[in-house]
Amino acid sequence: MAPLLALATSGAVALVAFLVTLGVLVIFVESVRGRTTALVLLVAVILAALLAVLGEAGIGLIPLGFAAAFVANAVFEWLTTR
């Protein structure tokens with residue numbers, strides 16, 4: 001039962017990382033270039049895959065939440081600047 005609790009806790013931490021990062025990006029950063037967003041997404045996916053291979057799949061959710069905030073910010077900018 002412990003791995004399920006650890007996965008749920010990691011999911012909650014990933015959600016907090018997503019919301020805090022998105023808040024910082026929306027409030028303090030005017031625009032993030034597409035290349036930077038793609039690089040952050042690529043690094044986060046590689047890091048999450050590496051952590052999953054090492055047996056820490058829950059911790060791998062945290063960089064994915066961070067990268068998802070960059071993607072959400074890009075989508076938000078695209079939708080509001082049309």
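Trainee: In which helix does Ala72 lie?

Mentor: A word on the source: this is a predicted model, in which local features need pLDDT of at least 70, side-chain atom pairs count only at pLDDT 80 or more, and totals for chains, interfaces and linings use all residues. Residues are numbered from 1 along each chain as its sequence is written, and side-chain values use heavy atoms, with hydrogens and water left out. Helices are DSSP runs of H or I with at least four residues, numbered from the N terminus. By that numbering, Ala72 belongs to helix α3.

Trainee: Is Ala72 buried, partly exposed or exposed?

Mentor: Buried means under 20% relative accessible area, exposed means over 50%, and partly exposed lies in between (1.4 Å probe, protein chains only). Ala72 has 25% relative accessibility and is therefore partly exposed.

Trainee: Which residues does Ala72 touch, not counting residues up to four places away in sequence?

Mentor: Contact means heavy atoms within 4.5 Å. With residues up to four places away in sequence not counted, Ala72 touches Phe18 and Leu22.

Trainee: How are α2 and α3 oriented to each other, roughly parallel or roughly antiparallel?

Mentor: Helix α2 spans residues 34-53 and helix α3 residues 61-80; they pack at an angle of about 160°, with their axes 9 Å apart. Axes are lines fitted to C-alpha atoms, for helices over the stretch in contact, and angles run from 0 to 180 degrees between N-to-C directions. An angle over 145 degrees counts as roughly antiparallel, and one under 35 as roughly parallel. The two helices, α2 and α3, are therefore roughly antiparallel.

Trainee: How many residues of the contact of α2 with α3 are nonpolar?

Mentor: From α2, residues including Thr37, Val40 and Ala44 meet residues of α3, including Pro63, Ala67 and Phe70. Ala, Val, Leu, Ile, Met, Phe, Trp, Tyr, Cys and Pro count as nonpolar, Asp, Glu, Lys and Arg as charged, and the others, Gly among them, as polar. The contact has one polar residue and no charged residue, and its nonpolar residues number twelve.

Trainee: Which residues make up the largest nonpolar core?

Mentor: Such a core is a set of buried Ala, Val, Leu, Ile, Met, Phe, Trp, Tyr and Cys residues joined through side-chain atoms within 4.5 Å. The largest has six residues in all: Leu25, Val32, Val40, Ala44, Ala67 and Phe70.

Trainee: Is Ser10 buried or exposed?

Mentor: Ser10 is placed in helix α1, residues 2-28. Its relative accessible area is 8%, so Ser10 is buried.

Conventions:
Angles under 35 degrees count as roughly parallel, over 145 as roughly antiparallel, 65 to 115 as roughly perpendicular and the rest as oblique.
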